[in-house]
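Open the structure in a viewer and keep the sequence beside it. The stops below say what to select and what is there.

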Amino acid sequence: MAGEAPSLEERLLGGLDDEQRAVATTLQGPLCVLAGAGTGKTRAITHRIAYGVQTGAFQPQRLLAVTFTARAAAEMRSRLRDLGAGGVQARTFHAAALRQLQYFWPQAVGGQLPGLLEHKAQAIAESARRLRLTVDRAAIRDLASELEWAKVSMLTPSTYLEGAAGRGEPGGLQPPTVARLFQAYEDVKVDRNLIDFEDVLLITVGILQEDQKVAAQVREQYRHFVVDEYQDVSPLQQRLLELWLGGRDELCVVGDASQTIYSFTGATSAHLLEFGKRYPEATLVKLVRDYRSTPQVVQLANRLLGSRRNGGPAADRLWAEPLQLVAQRPQGPEPEFTECADDEAEAATVAKRIGELVAAGTEPKDVAVLFRTNGQSEAFEQALSAAGIGYQLRGGERFFNRREVRDAILQLRTAARAQPDGVALGQSVRDVLSSLGYADVAPAGSGATRERWESLSALVALADELSASRGEDFGMADFVLELQERATSQHAPAVQGVTLASLHAAKGLEWDAVFLVGLSEGLVPISFADTPVTVDEERRLLYVGITRARHFLHLSWSLARTPGGRAHRRPSRFLDGLRPGSLRTTAGPAGGGSSRRRREYKGPALCRVCGTVLETGAERKLGRCNDCPPTYDEATFESLRAWRLEQAREADVPAFVVFTDATLTAIAEAKPASLEDLSKVAGVGKAKLERYGGAVLELLRGA
């Protein structure tokens, strides 16, 4: 009858496809939803919750929906309100646990709940002072990330060493020192009567495990659970979820193992992949209809995952058979692949192409430039500013607003006042920035230390470029003035502009046009991804980038860092078989340019002692695996370490800034007799050779 209100089924199920409808109508027992990118998973699970509430299967106050960001939780609550299920709680794991902890603390523990430590920096700095360790701001950020990883992995200071095997040296500290700092950090919190966000989860888990009355109350309150982005659950979050359930199986999980990109924070897709083992009777639904992207974008994403080969038992255990997405949108343009002469040419090419899209009607806010590290943003900020295109940075500060860049400009301004004539600008800038953590060789690993190095390295590269283009008279004062002018000119509208973001920061977002830049070996995959497991994660990260695009997709890389530089780069291995045989190339600033052949891959580095494949960056630097005995003289090595400590104290920098342990070991084993020999040791760049080479050779001759 005309004007008749739609039925409940029509209102909540009418707009769903068959698989989404299966999710929405499966209201009992364990349910696992494998949802590919752009397949409408949030729509499916919110309609499931609303349908369950409206049919009486769920009581809204007794259902808890958990997701991973406050933004996602707010979006879910908004959708549920629109669907008539406003009484359902949608929270992050931390928010849900904190609410329970605040309620149950008086009866379970007694007294007042300790204060919440929102930022770890001051507590870690105090912990380092207690141990008489020298750590800078970047190291503190890296150590904060490491402690967060350790705690969500349910490690303690006493179990950290075993659990953190192979994780490198966060903040430049060796694992035993990190374990000591971990304990000192816990002591500082006790002294100040504080808990951190990880403690919120840990203490809640402890109370639920030890106090059966509290556990019974929580389980009475919540009968049904929904967990979104289940591939990102950490061991600690999984344990909390199990305690909430208390052996029951009214659980719906939603995720996609192919979008697991936060393993460095403790997330693991193992819980999603093994859901069927824990719940053999679980219903499994796969969402594969992609409503976001064109068939061309979807095909490229499918091919990227499909081209992955076996990586060994450890990697294969965490690699699921990828969902084959099926595009639902009309045909669109083919993805564009562009090879550029250098970084500057790549940024200019991207800015020009964005200008063409904007001129054709695409809104700047519907365009994104995605890169692997935040340090890559500066070139694209400059190119977009030069083209008069506004932009906004997501997941990171604008380049000239970053703390390390502001500190660098301050130091350079001070140096300019005392700079004597005739000193090479590039070397002067390197000398000044070395006190802030710059070194000729990039630090191993990821995190704040690496990001800071990228920023400082960009300033050094700019100094070299300007010195070469403007002549010997271009000095430190001129360079500082140039930096100030560039900082001023790059202020652009923040909201309506093109989005500049790292691939990690782009997760969960989408744009009409996406530019994936810097797709060369060493960036994608990143250089410190040196095991099959970490390389797989880099492949998934590129997959996430591709699936952010609705209509237009552009992939690019450069062959050299600077104009006129040696073309030593090669396209990412992930593009093999995806990029066309005939590549569109762009010229550098001087014109010209041609298609370059991919360099031959020389194969894996092998141990010079036993001949096995070297797995880590430190092993490759040494030229042997850690299990093989060192070939250096112990007295020589100790002499080098003592010399390094003296140099570090004189320069007021951490010892690893002079030379890392791996580089010192390599020097002791190589026993170089000349500067040329020393220059061949991994970790000894031109600047360090000039600064320390003579002293190192003299020490070796004396030894």
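**Stop one: the open sheet**

Select the six strands that form an open sheet in the order 3-2-6-7-1-8, with parallel pairing. Strands (E, at least two residues) and helices (H or I, at least four) are DSSP runs numbered from the N terminus, and two strands pair if DSSP finds at least two bridges between them. Strand 3 (89-92) and strand 8 (283-287) stand at the edges with a single partner strand each, so one side of each has no neighbour in the sheet. From one strand to the next, the twist averages 15°.

This is a predicted model: local features need pLDDT of at least 70 and side-chain atom pairs pLDDT 80 or more, while totals for chains, interfaces and linings use all residues. Residues are numbered from 1 along each chain as its sequence is written, and side-chain values use heavy atoms, without hydrogens and water.

Select strand 6 (residues 224-227) and strand 7 (residues 251-255), which run parallel and are joined by three bridges. V226 has C252 in strand 7 as its bridge partner. Next select helix 4 (residues 70-82), which packs on the sheet and touches strand 2 (63-67) and strand 3; contact means heavy atoms within 4.5 Å.

Conventions. Axes are lines fitted to C-alpha atoms, for helices over the stretch in contact, and angles run from 0 to 180 degrees between N-to-C directions.
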